[in-house]
Amino acid sequence: MIPYLLRRSAFLLVSFFIAMVAIFVLLRLLPGDPSNALLSVTATPEQIAAAQAQVGADRSVLEQFSTWLAQLIRFDLGESFISSLPVWPEIAGRLAVTVPLTLMAFGLALVISIVAGLVSAIKSDRWYGILISGVSQLGVAVPVFWVGILLVSLFSIGLRWLPSSGFPRDDWAHPTDALRSLTLPVITVALVMSASLTRYVRSATLDVLGSDYLRSARAQGSGHTEALWRHGLRNGAVPVIAILGIELATTFLGAVVVESVFSLPGLGSMLLKAIQQHDYPNIQGVLVVSTLVVLLIGFFGDVAQRLVDPRLRVSLSATR
Amino acid sequence: MKKNMAFVALGLATTLLLAGCASGQDSSSVSAQDATIEIGSLYEPQNLSNFGGGGQGVTEAFNGNVYEGLYQLTDDGSVQPLLAKSNTVSENGLVYTFTLQDGVIFHSGKALTSTDVKGSIEAVLADDSQSARKSSFGAITSIETPDDSTVVVTLAERSISFVYNLSYIWIINADATDLETTEDGTGPYTLDEWKRGSALSLIRFDDYWADPAANEKAVFNYFTDATALSNALLTGEVDIVTSVQSPDALSQFIDNADYVVNDGDSTTKEILVFNDRIAPFDNVDVRKAIYSAIDTKKLLNSIWGDYGTLIGSMVPPTDPWYEDLTQVNPYDPELSKTLLASGGQPNGFEFTLDTPSYDPHPIVAEFLKSELAKVGVTVNINTISSDEWYTKVYKTQDFTATLQEHVNDRDVVWYGNPDFYWGYDNPQVSTWVAEAEAAITTDEQTAKLKQVNEQIAQDAASVWLYLYPQIVVASSDVKGYPVNGLNSQFFVYDIVTN
């Protein structure tokens, strides 16, 4: 397991470096000029030149990249072009919204989809099994913002139970307020995410149900539930875990939509604003952090899969 | 399935529990002076400086609330003394002597002196200044401070707008630093907290030199999505929306006793800008032909319904030199065809319209395309980002025609600058603009700028499609808010809850 971890870590670092280069180069290929956001429609040529110097647009791309990389090695994400504020504290503040949002939505989606997936697979011949399957199929096609708007009009505007938007100015100082603000966004993301996850859980369970080993276990006298628990769970979990990592990463990256619908000061809305303004340090900062998060999720996903599925460990040592 | 139902019940219970924990204070239990006013806006500042990139958000939140000028442009468009108690002007109109108000202190506790005023004006004039107002103060030759409460400014030539222009300069503590993230002004509020991406709150400054603010706290809540902003007003999370940007959301508030929809005056003009330097738009008849081919009334109606105003020139009704010129280039497709012929384009022509990708420009572009097709002119819409617009159209002036909104008041004078991006070059107009600035009386200034106004309309220098409405929607529980959006200001100090 240790050599595997080392190799997997090296792979992580290399991927990260390649991603950094790609982020930097792709940003510079965008049309437009980051100094524009600093200027008004009365700017004089001198003011334009000064703004370009301020954002470093008068230096070569290679020079800009090496400066940035040197900063990055010191864990310094630089300062925003527009606000002149250091990038990292702002990202940290926004992670306090995006991370709880993602994790809670993920947790809720997991619970919903495991229950719904199992029920719809095991009871696939009953009307509610079919109903769950149908609803989840429909759910896959529903856009996040639509669910968000629907929940807002029902729970905020109609019933006035929960706030329609925003996040407490004192962050988590009053956890109840923060949780109230996140309730509808979490449900929104969880509902949409659980639709596709339910499909995965359902199909994995159906595969297990039709498998030879389960039939053998039953033939050897195991009860239905016991057979499923002892043999089905592990086998069924493998493909689901593989997809979970991807789902978690997608939710984290896809927060931009739900953050916009609910006016949440999260990472997604920061990225959106930064892109509109060509604020390179902010865009790069958000992308560095989210790339790292996604790569780490992938890393832990792979490791978890290996722990659950001994076949992966064996086949690897066999080919070595 | 039991488990499933139990889960749903658990989820619902949690939701109810959270809903039960009331978070907001009940506004009726606090007296009006202690009230917190929640304002909803789409314009979050990018930084807290009005020198570079702060955008209209910083003007909205800070102008008159946190920072004050020697003069103030009031909500009805007039210029009133603020930190300047009085001023005298020398016989030749070149030397302005300002006496400052007594007892003014900055939020940091320092007393305002003439040195701070000098420093604030010089910061705008500095070589590296990114201030949009820099060019308005080119005539200043010296600023002197004979004593702590007197500032003497000498100009190279007469500048009748000088006092008006001073209303744009914030008087900032000359010793203050970090002005992109903090403030040190003299206004009725200090900055309480700015939580980026979410809200900026102002709190009453107890040592304010004049009448204190009528409320204790004003919070600007920022939204990126207009629907979310409307929802926040519907749910009572905000009391006022500073500027509604689409009429779609209004139906929920019109004829609803709980809300007031205010139709105020704005200074924002939607303009079809020609590059007047190049063919075919260097020809007056062709420009007039385009103007007459567009049913601006129908356009305004399709975008804003019953809101907004038609204008026949660059000047909005709140400018002193406004006159109704909407009939100079009437909507008349037959006249348009005649003008096209006399302009040397009897069979029409084709041009590219650089269209900023954000609202309302794409819709306006489509409308123009269909209108102009009726007189044989083909419009190719080229959608560009605001950033590309700035590089392509503004900086390099590499365009044939474009759409843009111009937000400032009194900005007709830009037609006197032949180097401006639209390239309108009429020496007579340039002379009038210069003469207006050198005028001795405001009557004379007004008369000259009216001539400018009429001439640019005669020349169809651009097509002034319409003036945006300024719609403030508020809960009927609050009053005392500004209703006109002049230069994006939003004074909050008079707002009270019933």
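Polar contact, as I use it, is a pair of N or O atoms within 3.5 Å; within protein, one must be able to donate a hydrogen and the other to accept it, and residues adjacent in sequence count only if both atoms are side-chain atoms. This is a predicted model, so I note that local features need pLDDT of at least 70, side-chain atom pairs count only at pLDDT 80 or more, and totals for chains, interfaces and linings use all residues. Residues are numbered from 1 along each chain as its sequence is written, chains are lettered from A and ligands numbered from 1 in the order in which they are written, and side-chain values use heavy atoms, with hydrogens and water left out.

**Domains of chain B**

Domain 1 is made of 35–65 + 187–264 + 470–498, domain 2 of 67–179 and domain 3 of 269–467; the bounds come from an automatic or database domain assignment. I took domains 1 and 3 of chain B, whose C-alpha centres are 32 Å apart. Eleven residues of domain 1 of chain B touch seven of domain 3 of chain B, contact meaning heavy atoms within 4.5 Å. About 730 Å² is buried between these two domains, 61% of it on carbon and sulfur atoms (buried area: the accessible area, 1.4 Å probe, that two parts lose on being put together, summed over both).

How many residue pairs in polar contact does the rule find between domain 1 of chain B and domain 3 of chain B? I get zero, with both residues required to be at pLDDT 80 or more. The salt-bridge count there is zero too (a side-chain nitrogen of Lys or Arg within 4 Å of a carboxyl oxygen of Asp or Glu). On the domain 1 side I have seven nonpolar residues, three polar and one charged. Here Ala, Val, Leu, Ile, Met, Phe, Trp, Tyr, Cys and Pro count as nonpolar, Asp, Glu, Lys and Arg as charged, and the others, Gly among them, as polar.

**Chain B against chain A**

Next I checked the two chains. 51 residues of chain B meet 56 of chain A, burying about 4,800 Å², 55% of it on carbon and sulfur atoms. I find one salt bridge across this interface: Arg196(B) to Glu90(A), closest N and O atoms 2.6 Å apart. Six residue pairs are in polar contact, both at pLDDT 80 or more. The chain B side has 19 nonpolar, 20 polar and twelve charged residues.

**Backbone spots**

I then turned to phi and omega. Most residues other than glycine have a negative phi, and most peptide bonds are trans.

- Phe75(A) has a positive phi near 60 degrees and sits in the loop between α3 (61–73) and α4 (87–122) of chain A; helices (H or I, at least four residues) and strands (E, at least two) are DSSP runs, numbered from the N terminus.
- Ala279(B) and Pro280(B) are joined by a cis peptide bond, omega about 0 degrees, and I place Pro280(B) in the loop between β13 (269–274) and α6 (284–293) of chain B.
- Asp359(B) to Pro360(B) is cis, omega near 0 degrees, with Pro360(B) in the loop between β14 (350–356) and α9 (361–373) of chain B.

**A hairpin in chain B**

Val89(B) has Tyr96(B) as its bridge partner in β5(B). Five residues lie between the strands, and in this hairpin Gly93(B) takes a positive phi near 75 degrees.

Conventions: Two strands pair if DSSP finds at least two bridges between them.
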